[in-house]
Amino acid sequence: MTDKLVIFDTTLRDGEQSPGASMTRDEKLRIARQLERLKVDVIEAGFAASSNGDFEAVKAIAEAIKDSTICSLARANDKDIGRAADALAGAVSSRIHTFIATSPLHMEKKLRMTADQVFEQAKLSVRYARSRVADVEFSPEDGYRSDPDFLCRVIEAVIKEGATTINIPDTVGYAVPELYGNFIKNLRERIPNSDKAIWSVHCHNDLGMAVANSLAGVQIGGARQIECTINGLGERAGNCSLEEVVMALRTRRDYFNLDVGIDISQILSASRMVSQTTGFVVQPNKAIVGANAFAHASGIHQDGVLKARDTYEIMRAEDVGWSANKMVLGKLSGRNAFKQRLQDLGIVMESEADVNTAFAKFKELADRKSDIFDEDILALVSEEQAGSAAELYSLVSLSQRSETGEQPQASVVFVAKGAEISTASSGNGPVDATLKAIESHVDSGAELVLYSVNAITSGSTESQGEVTVRLQHSGRVVNGVGSDPDIVVASAKAYLSALNKLHSSSQRVAAQG
Ligand code: KIV
Ligand code: ZN
């Protein structure tokens, strides 16, 4: 057992499985670079066999990232494992994470396999994975609801086949901390070769206990890897949140007595990047990264903090990156300063032409908004990169009119599949009129299931508005994000971005996580 905890980030795999959170190759690459700066030990970059797009994303990340191990998920079959190994071929350090369900319910109803068949499949898969890479993780899916005797048999066998990490997923978020910790402890004690692998926790947050369960798996169970995601992104109620679990381990090191290699000053940037890219807004009272996480509104608290910070503060906001929220550029800034800032933010442009396009957008923004913050640059680049990926629709211009007592009107000019379209509509408000104008031409038939608007930086009205639109159609859910100092323009951009995703052809095999 080691005193170092492995932080395994699965934002780009389990996080991305969250409906509407799917990301393009370039978006994933940008987040992977931020995870590398965060000094995450293992980045689960995707599920290579799920789609060609995800294969390309895992491959690009494997080739670009040098300091973290790059992992791909694979179901327990040779085809998936082969795809994962091919995608990972260019990595400095690679891992295949293979899984098969072991709970009676999943084996019988989902896999329609007997326990003996699952046992054989698990062994064969780990054997094949080990023939392709040296670092193999095995997960018995729905492990926490599996029969411990059967789990002991499977895990002992896969360790014999060479699995180097054994992960115990609480796939449906059913565990409670003490029981989950003891579950892992019991397995480790019963399995004769358990010391030949690192044990890992993977907890979903359906009952709001993912972080607590993960910590119990470490403290009681002796696990030394935690699987987690930025902002707790993930299916349903999400996964264990990286920022929360890492800060708990650091802040209560007196109790846990374990080291994590994370550079916590990169936490806030990672959180912002994931939220802006996916359109999953961070709630204000979210621990560590929520806008209110370090704000003291009550007079008693403010008074206490002014006298001595530790009266009400157990962590320092600046340690996790809050002070980095500073003005960086303005309209007099030149191309070199802009390029340097892109580099500092870890944004890599494919070509000088891409830098020029982004710089032109930056200048346009700087003409309308005097202070340009890191978040503005990230939003601008997100929009650029999302646009360049598969742009069927893009905004050209819009005008709208609203007056007390009058019905708002909007006229929108946009490009649809190569042709410039002008449409107009009225609506309940200017945003409603704008989206109706676009929809009157596109006729997507999609249901708008979420619309939200937030200030990108601080609470000031000078901030850019960031709009998230979620559309649902034929079982597919997509998020579009748009930003602009004018929230009606931001709404149109967000709607068009969601339509681009909805009409892109990428379909994936569902990861069973
Ligand atoms: O939740 C889960 O069981 C998973 C597995 C694929 C590890 O995500
Ligand atoms: Zn999962």
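In the predicted model, serine 271 touches Ile230, Asn231, Val282 and Val289, when residues up to four places away in sequence are not counted. This serine belongs to helix H11, which spans residues 267-278. The relative accessible area of serine 271 is 2%, and serine 271 is therefore classed as buried, the limit being under 20%.

A zinc ion, ligand 2, is held by three kinds of contact atom from the protein: the donors are Asp14 (OD), His202 (NE2) and His204 (NE2). These donors lie 2.0 to 2.1 Å from the zinc ion. Along the chain, the donors follow the spacing D-x187-H-x1-H. Distant parts of the chain are thus linked by the pair aspartate 14 and histidine 204, which are 190 residues apart. Aspartate 14 is placed in the loop between strand S1 (6-9) and helix H1 (25-37), whereas histidine 204 is found in the loop between strand S7 (198-203) and helix H8 (210-219). Both residues of this pair are buried. For aspartate 14 the relative accessible area is 0%, and for histidine 204 the relative accessibility is 1%.

Arginine 341 is located in helix H13, which covers residues 335-344. With a relative accessibility of 15%, arginine 341 counts as buried, because this value falls under 20%.

An open sheet is formed by three strands in the order S14-S15-S16, with antiparallel pairing. Strand S14 (447-455) and strand S16 (476-484) stand at the edges of the sheet. Each of these two edge strands has a single partner strand, so one side of each is left without a neighbour in the sheet. On average, and with direction ignored, neighbouring strands of this sheet are turned by 15° against each other. In general, the strands of a sheet pair through backbone hydrogen bonds, in either a parallel or an antiparallel manner. Between S14 and strand S15 (residues 465-473), the antiparallel pairing extends over eight bridges. Within this part of the sheet, glutamate 447 has glutamine 472 in S15 as its bridge partner.

Conventions: Residues numbered from 1 in each chain as written. Chains lettered and ligands numbered in written order. Predicted model: local features only at pLDDT ≥ 70, side-chain atom pairs only at ≥ 80, totals over all residues. Heavy atoms only, no water. Helix = DSSP H or I, 4+ residues; strand = E, 2+ residues; numbered from the N terminus. Buried < 20%, exposed > 50% of the residue type's maximum accessible area, 1.4 Å probe, protein only. Donors = N, O, S within 2.8 Å, 3.2 Å for Na, K, Ca; no water. Contact = heavy atoms within 4.5 Å. Pairing = 2+ DSSP bridges. Axes fitted to C-alpha atoms, helices over the stretch in contact; angles between N-to-C directions.
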